[in-house]
Amino acid sequence: MSLMNHLGDVKITSACEDPETGGAANEIIMAVLGLGTFLSYVPMIISVAQEKSSKGISLTSMLLVCVTNFASTVGVGLQNWQSVICCTQSKWSTVQCLEGLNPIFLIAANIIGCIPIYVLCVVYLYLPGSDAPENESQGSRSSFHSSLVPQNLLEDKTDILYTQERANLSLVLYTIWMLIVIAICPLLLATEGTHSDAIKYYADAMNILAGITIAVSWIPQIYVTYKAKDVGNLSIATILVQAPGAALVCISMMIAGQAITSILQNAVATVCLAVLLVLCIKYEYVDKRLKMKYEAIETDESDNEEINVGVRP
């Protein structure tokens with residue numbers, strides 16, 4: 001879920017006037033979405049940490065989600081930086097600060113939630129076609145097989161998506177990118193000022209990047225889940241919260257009159273999450289129940305055959 005451009009609508013003036021928000025109802029909706037976004041990541045964090053495996057989770061998707069959320073945090077933070085100044089200089093009351101800083105807090109909840117998942121997926125990277133002894137404990141999904149590449153490439157240890165070396169490198173590069181992005185912010189604020197064109201362009205660039213990555217971030221995960229025909233350690237609870245949350249963001253953006261490009265980007269992410277949710281429900285519940293039913297029928301038929309054989313003269 002991304003609240004990116006929508007949260008940038010809060011207008012703050014250089015004179016520290018009262019923050020212009022969308023009203024109490026909008027503030028409550030955004031607060032619920034922000035809290036829900038953060039809590040939605042918790043089940044997946046627990047799942048990966050307990051199983052010590054990233055089975056079923058696309059590392060590519062997690063990286064794109066982290067890029068989206070961090071770029072959104074920077075973009076929204078710069079767009080609302082004047083509210084930080086007003087609060088630190090004690091020109092606003094506590095209530096006014098909560099209203100003014102609400103966009104930054106809410107969008108930051110995304111990055112706080114997704115980065116631990118990404119790091120855990122790198123640490124406990126699951127290599128398709130390999131056995132992970134610690135993960136094959138009783139009760140784990142031993143039949144699961146995940147792939148982001150064609151079957152004939154599973155044994156290729158140089159595959160760019162599924163080697164520990166490449167996973168570690170992606171984490172290092174992502175960390176370096178974050179540090180560079182953060183380092184540029186105080187330089188621009190110190191040299192150009194809060195309301196300069198440079199700050200505006202930099203914030204816009206971050207939001208554009210976030211918009212592009214959010215549109216495609218869940219596509220690799222859909223492919224992984226579809227190829228695996230199993231959910232693995234991907235948390236259905238996470239998707240179940242984020243799918244309707246993304247839809248609410250799209251509706252809220254349309255009501256607020258956001259740019260059509262921003263709405264379309266979030267709409268694509270919403271559709272992807274909906275497709276992923278349908279796949280997860282199908283593979284985790286529908287298909288498994290059918291499989292259990294067929295296995296029970298086969299067991300009964302086998303028992304009947306044994307009985308018939310035993311009663312033959």
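Guide: The axes of helix α3 (residues 59-79) and helix α6 (residues 164-192) come within 12 Å and cross at roughly 5°. Axes are lines fitted to C-alpha atoms, for helices over the stretch in contact, with angles from 0 to 180 degrees between N-to-C directions. Helices are DSSP runs (H or I, at least four residues), numbered from the N terminus. Because angles under 35 degrees count as roughly parallel, α3 is roughly parallel to α6. This is a predicted model: local features need pLDDT of at least 70, side-chain atom pairs count only at pLDDT 80 or more, and totals for chains, interfaces and linings use all residues. Residues are numbered from 1 along each chain as its sequence is written, and side-chain values use heavy atoms, with hydrogens and water left out.

Visitor: Which residues in α3 meet α6?

Guide: Contact means heavy atoms within 4.5 Å. Among them are L63, F70 and V74 in α3, while the α6 side includes Y174, W177 and I182.

Visitor: Which side chains meet in a salt bridge?

Guide: A salt bridge is a side-chain nitrogen of Lys or Arg within 4 Å of a carboxyl oxygen of Asp or Glu. The side chains of K200 and D204 form one, at 3.1 Å from N to O, and the count comes to 1 salt bridge. Both residues lie in helix α7 (residues 197-216), 4 residues apart, about one turn of the helix. An α-helix has 3.6 residues a turn, so residues three or four places apart point the same way.

Visitor: Is K200 buried, partly exposed or exposed?

Guide: Buried means under 20% relative accessible area, exposed over 50%, and partly exposed in between (1.4 Å probe, protein chains only). K200 is partly exposed at 47%, and D204 is partly exposed at 26%.

Definitions and conventions. Helices (H or I, at least four residues) and strands (E, at least two) are DSSP runs, numbered from the N terminus. Angles under 35 degrees count as roughly parallel, over 145 as roughly antiparallel, 65 to 115 as roughly perpendicular and the rest as oblique.
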